[in-house]
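Here are some questions on how labels are assigned in a model. Each answer sets a value against its cut-off.

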Amino acid sequence: MRPLKLVMSAFGPYAGRTVIDFSKLGEQGLYLITGDTGAGKTVIFDAVSYALYGQTSGGVRDANMLRSQYADADTPTFVELEFSFQGKCYRVKRNPEYRRPSKRGGGMTKEKAGAELYYPDGRVPVTRMSDVDKSIVELLGLNHKQFTQITMIAQGQFRKFLDTNTDERSKIFRDLFHTYFFQQLQDKLKQDAAAKRNEFAEQQRRSEQALSGISCIYPAYTEQLQSFALRHYEGCVEEVLALVDTIIALDEKEQQQVAAAAAIVTKNLTALQDSLSAIDKKQQLEKYMQTTEVRIAGMQKQLEQEAAAAVQRQEALQKLEAEVSEAQKGEVELAQMQTERQQLAARQRELRQLQEMQQRYQSQEVALLQKRQEYKQACDNFNHLNELSDACFDRFLGAQAGLLAHDKLKPGKPCPVCGSCEHPQPVQLAQDAPTENDVEQARAKAEAAQKIRDGLIGEGKALKEHLELDKTLLLGKGVELLGCDDLKLIAERAQAELKDVNNKITALRLKMGFLQEKVEQYRKLANTLEQQKAADKQAETAAQNLRQQLAGAEGQLQELKKQLAEQNELLTDVDEQELQQEHEKLLVQQRELELQDKRLYAAIKNNQRIKQEVSGYEARRAACEAEYSLINSLSATLNGTLTGKKRVNLETYVQMHYFDKILQRANVRLLHMSRGQYELCRDKMQDADSKTGNSKTGLDLEVKDYYSGNLRSVKTLSGGESFMASLALALGLADEVQSCAGGIQLDTMFVDEGFGSLDDSSLQQAIATLQGLSEGHRLVGIISHVHDLQEMIDKKILVRKKRGLQGTGSEIELAVD
């Protein structure tokens, strides 16, 4: 990753928009960031780290502390970084959460934290903060902690990677060198070993549980089983299974004896059952014969009752048929009356229609008379308004001479009528003379009255024609219905005949109501007659069936008497009570033998099942024990928990390989910077001493001092020596990461302070080392107050505080010689 351009707005000490164009520094070499104390040199690194990961480089400044205290309220706070990676340019922009003036109304509002990542291929930008964080890690192959430890040696943090222990250094290497697979393998083997150990214990528990259910009724063997159970059957399962075989053999032998005794009892029961069956049959025949005799007596009595009921039904049917015949006559008479009523109703409708025509004719006569009155009034109104209009027009014409004299006749000017220039007696203008508008209004009223009059003429004519037509229709209907062509006689005759028709209809309705009741009675009687006939037929059929059943029962009774006589001959000299007592005794013996057989069968099957289950459990337990021994040994080896061996697991062993290569690369630079005095080494003595306990070893550091020939802890190094060692280690780590992981490309490095602790010679060696590092398209940025560095490094980023009239905050200047 190489920064190309950094934009900071209201960020840290930079109040406005500040742009740093890193592309002007070139693609390789060293550049120095220098300036006033507290001006914001480290903030540049913070801005790069915040743009990429949303966190500052040293982790000291929180995101909510990043807004500049010097910025105007309207200036937005954000950081935007353009960077190149593997030949492609990307752009990421972030802003922290801060308060700003509200765009609507007064007051302040909260600006939410946000992030945007833009790709070089034009795909849709990533705009969710969590997605941007994830995408940056996937793109660069480093998280924030790895980025700061490998590419940024931040102020106050340069010794952390040097002094960290095996556990912390292992976590760093896991992500850098993808050794998590080995950790997963270790964890999987540990889980498999635990699972196999649990499975072994489960098979042992099942075997013990199954053996505790052995069925045994033999005291000597029961005592042996109890002694085995107290030992939880440990080491004696085979002996217990052999004892189970002995118990099963004894149970099977006793079961055979029980079966033989049960066969004898069954044989005796069969013999007794035949005699008892004969007794039962005799008793059943006697009971059935008694039942049959009672049933025959009942059927005979029922037939006698049915004969008497049949006579009563015949008498009732004859009486009902006579009533039905009488009621049937009313139905014919009712039909005749219905026909007569329909005829009267038709005559009633015709007479009512005639009356309606007469009433309509009379209404139209009244309407015509009213229309004639309206016409007369309209004529009078028109004549009056027309006279007023003519009078108004005459007065208007008479006033024209006065108007002409008033408006046109001037002394010395010719008259427009006669041409004379003298005007001895001009006509005076009348005071009440109508205007042209008055004339028009009077004429309009007269014309409106005329239209009303003319309209009434047409309406009256139409009414008269319609009246004549209705009169013709009325007279025609009168002649048709009444044989009369006089309007007055038609009305009188129609009213009288309609009254007579109404009276006849009323009388007929009363008669029909009476006949309707008679018809309903006839229908009910007819229905009852049919039901009675059907019931009589069913009763006769039932009586016939009963007679047949009686004949069959009598024959059956004779057969039963015959069978009973035969059974009495067979049971001569038989004591039924003695047979019953012997039968009950044998049944008790049979039930006892059956219970004993079932108990023995259940015990045999239970013990056979237990033997089969335990044999399976023992086989699986032996297999589990063998597998557990193998897996546990392999897990202990890979997890570094073998007793008496170094506590180095497989992942750490692989990481030790990478660590040794990192130290080889780091020592090339450290020996050069320390003039051959110091070399970093893995602490192999600790590995040899840590064969027990839970501490994890393998990645701890110590330093070899070639001047004294001793090995000592890196924590004993002075400030300057620690800076050189940590710088060499960081450079070695960066080289190894790029060498092993093709996806991680570190084209830039930042070093924040630490050079003040070096003497002149060490400073020269450190700068020479960094200059060698910057070869091959790598750019190294250094923050330092050391004045000698300003003479050694040509490319600079100068950071100055603004004072006085220049404003507040800080500003940046790029100086490239």
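This is a predicted model: local features need pLDDT of at least 70, side-chain atom pairs count only at pLDDT 80 or more; totals for chains, interfaces and linings use all residues.

Residues are numbered from 1 along each chain as its sequence is written, and side-chain values use heavy atoms, with hydrogens and water left out.

Q: What is the average pLDDT of the protein chain?
A: The average is 79, and 85% of the residues score at least 70. pLDDT is the predictor's confidence in each residue, from 0 to 100. Over residues 687-694 it stays under 50.

Q: Why is Ser84 called buried?
A: Its relative accessible area is 14%. Buried means under 20%, exposed over 50%, and partly exposed in between (1.4 Å probe, protein chains only). So Ser84 is buried. Ser84 lies in strand β4, residues 78-85.

Q: Which residues does Ser84 touch, not counting residues up to four places away in sequence?
A: Met1, Arg2, Leu4 and Cys89. Contact means heavy atoms within 4.5 Å.

Q: Why is Cys216 called partly exposed?
A: Cys216 has 22% relative accessibility, so it counts as partly exposed. Cys379, at 16%, is buried.

Q: How many disulfides are there?
A: The count is zero. A disulfide needs a pair of cysteine sulfur atoms within 2.5 Å.

Q: Why is Leu185 called partly exposed?
A: Its relative accessible area is 31%, so Leu185 is partly exposed. Leu185 sits in helix α6, residues 180-211.

Technical notes:
Helices (H or I, at least four residues) and strands (E, at least two) are DSSP runs, numbered from the N terminus.
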